[in-house]
Amino acid sequence: MQFIINIFRVAVSLIFLSYASWSDIKTREVDNKVWLLYAPLGLMLTLFEGLLYEDYDYWLFAGISIALTFTLAVSLFYLGAFGGADAKAFMCLALAFPIYPKFSWNSHITRLHYLFPITIFTNSILLAALSVIYILLHNFLWKLKTGRKLFEGLENEPLWRKALTVLCGYRVSLEKLKEKNFYFPLEDIKEEDGVVKRFLVIFPSDENRKDILDRVGLAVKNGKASPQIWASPGLPMIVFITAGFFIAVLFGDIVWFLVSLIMG
């Protein structure tokens, strides 16, 4: 019975997460109805499994896991590190899988602790970090194709700003930036005494996006700036959360595996 419940929980979670991933890729938004359906269903299955365990430790670890995951998700949301859908996805996963599901194939999976949502979190963050490889390749190919300097007009910016920018963004057209609202400008423009100065923005925010686009658009229209500007693509984090969940079920904790490998 426990095996059947766990298989059902995995299947249900993958259905909700797959739909959320598709929506995140398409619009960078996920309908709240997804989480309103997933959360109570996941909690119901967890409570049912807990009744089968009849073990105090199950409830203890489940309670700690849910409380810790909720605290982490909400904190990262208010710090601006997570979107609302990302935080809700982790909270739903905590309700559905507060501890590791038990299967015959994962009885010896790599793990540091019993808190399954935290493993999903570290897996997904590691997978999302790999997007840096894509961004670096994109910048290299752009430079190779155009033969231009990556930071034309921004030569006076500090090296550390350029390094961070080249790791998290690339040049896109102003039209694309306006069309795709999940792109965030990494540069801004200010005009003083008729002199236009471009500068890099390290921490872009959705609140400042429209003002920056208006300023840049006006400068481009007046021929004072290039229509190709630095921007950061908002990552479809739900995709990485889904992949992190799938890997956690089959394999376990990627980070702990790598640490164990290094430490011998």
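Biologist: Which residue does arginine 215 meet in a salt bridge?
Modeller: Its partner is aspartate 188, at 2.7 Å from N to O. A salt bridge here is a side-chain nitrogen of Lys or Arg within 4 Å of a carboxyl oxygen of Asp or Glu. The pair links distant parts of the chain, with arginine 215 in helix α9 and aspartate 188 in strand β3, 27 residues apart. Helices (H or I, at least four residues) and strands (E, at least two) are DSSP runs, numbered from the N terminus.

Biologist: What kind of model is this, by the way?
Modeller: It is a predicted model, where local features need pLDDT of at least 70 and side-chain atom pairs count only at pLDDT 80 or more, while totals for chains, interfaces and linings use all residues. Residues are numbered from 1 along each chain as its sequence is written, and side-chain values use heavy atoms, leaving out hydrogens and water.

Biologist: Back to that pair: is aspartate 188 buried or exposed?
Modeller: Aspartate 188 is buried, with a relative accessible area of 8%, and arginine 215 is partly exposed at 36%. Buried means under 20% relative accessible area, exposed over 50%, and partly exposed in between (1.4 Å probe, protein chains only).

Biologist: How many salt bridges are there by this rule?
Modeller: The count comes to five. One of them joins glutamate 49 and arginine 9, at 2.8 Å from N to O. Glutamate 49 sits in helix α2 (residues 32-53) and arginine 9 in helix α1 (residues 2-27), 40 residues apart. Glutamate 49 is buried at 1% relative accessibility, and arginine 9 is buried at 2%.

Biologist: And what does glutamate 187 pair with?
Modeller: Glutamate 187 forms a salt bridge with arginine 198, their closest N and O atoms being 2.8 Å apart. That one links strand β3 (residues 187-192) to strand β4 (residues 195-200).

Biologist: New topic: where is arginine 209?
Modeller: Arginine 209 is in helix α9 (residues 206-221), and it is buried, with a relative accessible area of 9%. Its side chain reaches the backbone oxygen of tyrosine 183 at 2.7 Å.

Biologist: Now helix α6. Which of its residues are buried?
Modeller: They are Ser131, Ile135, Asn139 and Trp142. They cover an arc of only 85° around the axis, so they lie on the same side of α6. The arc is that of the directions from the helix axis to the C-beta atoms.

Biologist: Which residues are exposed on the other side of α6?
Modeller: Ile133, Phe140 and Leu144.

Biologist: What covers the buried ones?
Modeller: The cover includes α5 (116-129), α7 (159-168), β1 (170-173) and β5 (228-233). Contact means heavy atoms within 4.5 Å.

Biologist: Last one: how many residues does the largest nonpolar core have?
Modeller: It has 36, and those with the most contacts inside it are Trp35, Tyr38, Phe116, Ile120, Ile238, Ile241 and Phe245. A nonpolar core is a set of buried Ala, Val, Leu, Ile, Met, Phe, Trp, Tyr and Cys residues joined through side-chain atoms within 4.5 Å. The largest share of this core, nine residues, comes from α4. Apart from it lies another core, of 23 residues, among them Tyr170, Leu174, Ile212 and Ala231.

Notes:
Polar contact = N/O pair within 3.5 Å; in protein donor to acceptor, adjacent residues only side chain to side chain.
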